[in-house]
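Here's a quick tour of one protein model, written for someone just starting out. Have a look at the sequence and the fold, then read on.

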Amino acid sequence: MTIKNPFVLNGYAGAEYFCDREKETSDLIRLVENGNNVVLTSHRRVGKTDLIQHLFAQSAVKDQFIPIYVDAYPTRNLSEFISVLGRAVTEALKPRGKKAVDAFIGMLTSLRSEITFDANGMPSWGLGIGKGVTPEVTLDEIFRYLNSSDVPCLVAIDEFQQVTTFPKGSQVEALLRSYVQQSPYTRFIFSGSERHLMAEMFTSASRPFFQSATLYGLPLLPKEVYARFCKKLFERGMKQTDTDVVSKVYDLFGGVTLYMHKVMNQLYDATPAQGTAQAEDINMAVQRILDRSNDAYTAIFYQLSERQRALILAMAKEGEAREIGSQKFIQTHNLPPQSTLSGVVKQLLDRDLITRENQVYTIYDRFFSLWVRNKILHLPVELCGEGEKGQGVGGG
């Protein structure tokens, strides 16, 4: 299938649309080949999920493992997690044919009524766990299959820190750890964007997963690597970019892949064949994204309380808020006293509107941050040269 715009924004589209990560891919292959479970962490929106899919596409993985991808993010309890896990195993087995799927289903006596079949006889996993069946029973059945499979399984659980939010989360952690510990032939990749939570889960001696996996931090893509990648994609479409275009986009968004890719997608679309994307086009691309999001961002902003809006405005001005509770910060931005402000911060953190990294607070959605600067504060989107920090957007 031909992709019109090579700056793909949704999902993994194949190696030709995937930027580098050669070392990281090789490292992960060696780790799982040598019996390691891995904890994969990074800043949000830098491509952990795509890296996992890229890893799964490698022949060295496909030839040795059954790759199983589990997205834990939408799950709210153990039952939902087990349902997602079971569905993921079913989907992973489909390419291996009906016999492989039947072998798995044969072990799931607790969930036979939850599986339906299409016209070709292939199963579709139903939602939920049957009445009268405890989640632990189904979990045990799934792991018994993983451990008896004739081909070792490689299970990647994305946003694994979500299990800490489940009812009786500590017990769920302990339960999952016991099954992982008893799975000598199955390898696990635990991926998460809440780095402090993931670190605590795997490095705290009081937690069940303590020292049970190898920690692997995914760095930001180097600027020069991303620039070469963008240049190659433009040239493939008979287009060009000025040398400083990618550098300015990189600096504006602190090297966070998702936001850079969205801008490059717009620049590619706006550049005609035989044309050249130039630095002055970046404002146009960003403005187009902000205009399309205007209604949604307006609703988000005006649904906030007055104090929440005040803090968002302050953070949009600062870009990075390093001493958010200091008297200087409070007085500069005319915010409520520290005792009140701490509650406001918690509310915004809980809603994922702001994020904290090493005591540095930023607005989570960097386009929302730019929208606040542009539409509410009437400040321009300021591009930056080499080594400078973008205004209104925290450096990665």
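## Rings, helices and a sheet

Let's start with the rings: the count comes to 24 aromatic pairs, where rings of Phe, Tyr and Trp (its six-membered ring) pair if their centres lie within 6.5 Å, and planes under 30 degrees apart count as stacked, over 60 as edge-to-face and the rest as tilted. Take Phe234 and Tyr268: their ring centres are 5.2 Å apart and their planes sit at 75 degrees, so this pair is edge-to-face. Phe234 belongs to helix H9 (residues 223–236) and Tyr268 to helix H11 (residues 257–270), so the pair ties together parts that are 34 residues apart in sequence. Helices (H or I, at least four residues) and strands (E, at least two) are DSSP runs, numbered from the N terminus.

Before going further, a word on ground rules. This is a predicted model, so local features need pLDDT of at least 70 and side-chain atom pairs count only at pLDDT 80 or more, while totals for chains, interfaces and linings use all residues. Residues are numbered from 1 along each chain as its sequence is written, and side-chain values use heavy atoms, with hydrogens and water left out.

| Residue | Relative accessible area | Class |
|---|---|---|
| Phe234 | 0% | buried |
| Tyr268 | 8% | buried |

There's also an aromatic cluster, formed by Phe143, Phe160, Tyr179, Phe188, Phe190, Phe202 and Phe209.

Helix H10 (residues 245–252) is mostly covered, with eight of its eight residues buried. Those buried residues pack against H9, H11, strand E9 (276–277) and helix H12 (280–292); contact here means heavy atoms within 4.5 Å. Just after H10, Gly254 takes a positive phi of about 60 degrees.

Now for the sheet. It's an open one of five strands in the order E2-E5-E6-E1-E7, with parallel pairing; two strands pair if DSSP finds at least two bridges between them. Strands of a sheet pair through backbone hydrogen bonds, either parallel or antiparallel. Which strands are at the edges? They're strand E2 (66–71) and strand E7 (214–217), each pairing on one side only. Further in, strand E5 (residues 153–158) and strand E6 (residues 187–192) run parallel and are joined by four bridges. Leu154 stands opposite Arg187 in E6.

Technical notes: Buried means under 20% relative accessible area, exposed over 50%, partly exposed in between (1.4 Å probe, protein chains only).
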